[in-house]
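User: Could you take me through this structure step by step? I am new to reading models.

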Amino acid sequence: TGREGTFHTEQMLTYGTRVVAGVTPGKGGMSVHGVPVYDTVREAAEATGANASVVFVPARFTAAGAYEAMAAGIPLIMTIAEHVPVHDMMGVYHTARRLGATVIGPNSFGVISPGRAKAGFMAHAIFSPGPVGILSRSATNCYETVYAMTRSGIGQSTCVGVGGDMIPGSTFVDLLPLLESDPETSAVVLIGEIGGGEEELAARYIVGMTKKVVALIAGKNAPTGRSMGHAGAIVSADGTGSAARKEELLRDAGALIAQSTEDIPGLLRGLGI
């Protein structure tokens, strides 16, 4: 019922997503764009059978929204806000693991399978159906990549905004197996950035993948010890999390390394996509 939720509900409905319920405490009984509103997630889930939730609330309320969705049995939860408190996300992360739920984000643009459905706020007009799966910590770099791919005639199977906060609900290594096993995905684009160890862990998994991976690591020129852009984009004083280290490990694992988003379509073409 808020500004962002109302706007993006309409966008998701127009794209073909089955948005079956909204939740705002105290506003149960309302309707937004024909979608019924409930006071609690549990009421919404029981009434509609919803199997995913997009949490359009400020950062300080994100953990509460995620906990409520998990308690209602929602198996897939996408969190949009940036700068969710680290302690909050530590609790969400471990609770999701314990309950078997999948949390995407925080600071995620959501998930889209072009031509089918989207859950989130991504600029869907630039996406096109095709055989390449994308996992990205950065919304902007993902949009630039998708736009370049679409202009080159290369479509996408499913694109996931992993999110750029310090503690993501799902990491690359959690999501890569889904694309590896997806019959509609022929290759994977991994868009990472400085900070953390997600890309290093992904490199270990990529070694055993049957599908080729093209990787881009943003932040090559960022100074050590300073957060750049996303909350999690910071190179440690000992060099951990640097772009050079991530590229080295990914290259050794068999991934093709792009120097910019514009390189990615050409590398995919070289793979026969």
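Predicted model: local features only at pLDDT ≥ 70, side-chain atom pairs only at ≥ 80, totals over all residues.

User: Thanks. Where is Ala 202, and is Ala 202 buried or exposed?

Analyst: Ala 202 belongs to helix α7, residues 198-206. Helices (H or I, at least four residues) and strands (E, at least two) are DSSP runs, numbered from the N terminus. Ala 202 counts as buried because its relative accessibility is 0%. Buried means under 20% relative accessible area, exposed over 50%, and partly exposed in between (1.4 Å probe, protein chains only).

User: What is Ala 202 in contact with, leaving aside neighbours within four places in sequence?

Analyst: Those partners are Phe 172, Leu 176 and Leu 190. Contact means heavy atoms within 4.5 Å.

User: Which residues touch the most other members of the largest nonpolar core?

Analyst: They are Leu 135, Leu 176, Leu 190, Ile 206, Val 213 and Leu 250, in a core of 26 residues. At least two residues each come from α6 (172-180), β11 (187-193), α7, β12 (212-218) and α8 (243-252). The largest share, four residues, is supplied by α6. A nonpolar core is a set of buried Ala, Val, Leu, Ile, Met, Phe, Trp, Tyr and Cys residues joined through side-chain atoms within 4.5 Å.

User: Why would such residues be together?

Analyst: In soluble globular proteins, nonpolar side chains tend to be buried together.

User: And what does Leu 250 touch, not counting residues up to four places away in sequence?

Analyst: Leu 250 touches Glu 199, Ala 203, Ile 206, Ala 215, Ile 217, Ala 255 and Ile 257. There is also a second, separate core of 21 residues, including Cys 142, Ile 191, Leu 216 and Ile 264.

User: Changing topic: how many disulfides does the structure hold?

Analyst: The structure holds zero disulfides. A disulfide is a pair of cysteine sulfur atoms within 2.5 Å. The sulfur of Cys 142 has its closest cysteine sulfur in Cys 159, at 3.3 Å, and that is too far for a bond. Cys 142 counts as buried, at 0% relative accessibility, and Cys 159 is also buried at 0%.

User: Now pockets. Which residues line the second largest pocket?

Analyst: The lining consists of Leu 76, Thr 102, Ile 104, Val 111, Leu 135, Thr 158, Val 160, Leu 175, Leu 178, Leu 179 and Asp 182. The most comes from α6, with three residues. On a 1 Å grid over the protein atoms alone, a pocket is an open set of points where a 1.4 Å probe fits, with protein on both sides within 12 Å along at least five of seven lines; lining residues have an atom within 4 Å of a point.

User: Which phi value does His 33 have?

Analyst: Phi of His 33 is near 55 degrees, a positive value in a residue other than glycine. His 33 lies in the loop between β2 (31-32) and β3 (35-38), and counts as partly exposed because its relative accessibility is 40%.

Methods:
Residues numbered from 1 in each chain as written. Heavy atoms only, no water.
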